[in-house]
Amino acid sequence: MKAKTLWVVLLILSFVVMSACGTEGVIEETPPSGDLTPPSSSAAESVFPEAGYVMNLAAPSCAQVIVNSEAVYSAPSELSARVNYDYKPLENTYCLVIAECVAYTEEDWESGKDIWQGKRWLLVSFIVDGAPQSDIGWVPGESCVEYNEDTRELISGPFTAPGAEAYSLSEAHEPITLSETDILYASDLTPNEDGYVKASLLGSAGCWIRPEDLVYPAIGESYFK
């Protein structure tokens, strides 16, 4: 029995030695040089995400703005996706400010520019017509003007007109009485010869309404109250 056990042990040891010394069964610890990926030569590539920006939050300079922006972005970069899926621009649109940041690019970083000299962006909330659409997104700071007593007349909406009569653009329809939840936009607040302005009623067709019936957003409102 002891001789048989010794023979089995010797057989196993011989197999291990042969495998270690032979070429078969040997695992290469280093892949061929052609499969090696050289490390990045630019440190910026490990800092900047695919969108090509870095953001630093700043205290919002105002709580209410009027925005003129062709696009609303999912991130503070023109390279990011647009959240206004039908690409409807914000034209003199009243918005509430949620956050503000300074975003800078890889070129800014490599040139040694102060990060606070980057581009200013505002995260704003706005009213959308229909779903599915996001009502929050980033817009360039230069597209925004603070909403206050001096600028309120610039907005195209949103307005409310609770209790006011709105007349359809088609004479075949009877006028409707607007409620507090009805939202209107009017690109031109100059009355026609009959004293009405043309407005769009969200969720419905366009209408005629008297400009003095339009209620402007209250100055001093905040997204957080």
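This is a predicted model: local features need pLDDT of at least 70, side-chain atom pairs count only at pLDDT 80 or more; totals for chains, interfaces and linings use all residues.
C207 counts as buried, since its relative accessibility is 4%.

**Cysteines**

- C62 is also a buried residue, with a relative accessible area of 14%.
- The cysteine sulfur closest to that of C62 belongs to C144, and because the two lie 7.4 Å apart, they are too far from each other for a bond, given that a disulfide requires sulfur atoms within 2.5 Å.
- Under that cut-off, the count of disulfides in the model comes to zero.

**The largest pocket**

- The lining of the largest pocket is made up of 21 residues, and those nearest the centre of this pocket are K88, P89, T93, Y185 and S200.
- Two strands, β3 (90-105) and β10 (197-201), each contribute at least two residues to this lining, and β3 provides the largest share, with four residues.
- Sorted by class, the lining of the largest pocket comprises nine nonpolar, seven polar and five charged residues.

**The second largest pocket**

- Strand β3 gives the most to the lining of the second largest pocket, supplying three residues.
- By class, the lining of the second largest pocket contains eleven nonpolar residues, together with two polar and one charged.

Note on methods. Residues are numbered from 1 along each chain as its sequence is written. Side-chain values use heavy atoms; hydrogens and water are left out. Buried means under 20% relative accessible area, exposed over 50%, partly exposed in between (1.4 Å probe, protein chains only). On a 1 Å grid over the protein atoms alone, a cavity is a set of points where a 1.4 Å probe fits but cannot get out, and a pocket is an open set with protein on both sides within 12 Å along at least five of seven lines; lining residues have an atom within 4 Å of a point. Ala, Val, Leu, Ile, Met, Phe, Trp, Tyr, Cys and Pro count as nonpolar, Asp, Glu, Lys and Arg as charged, and the others, Gly among them, as polar.
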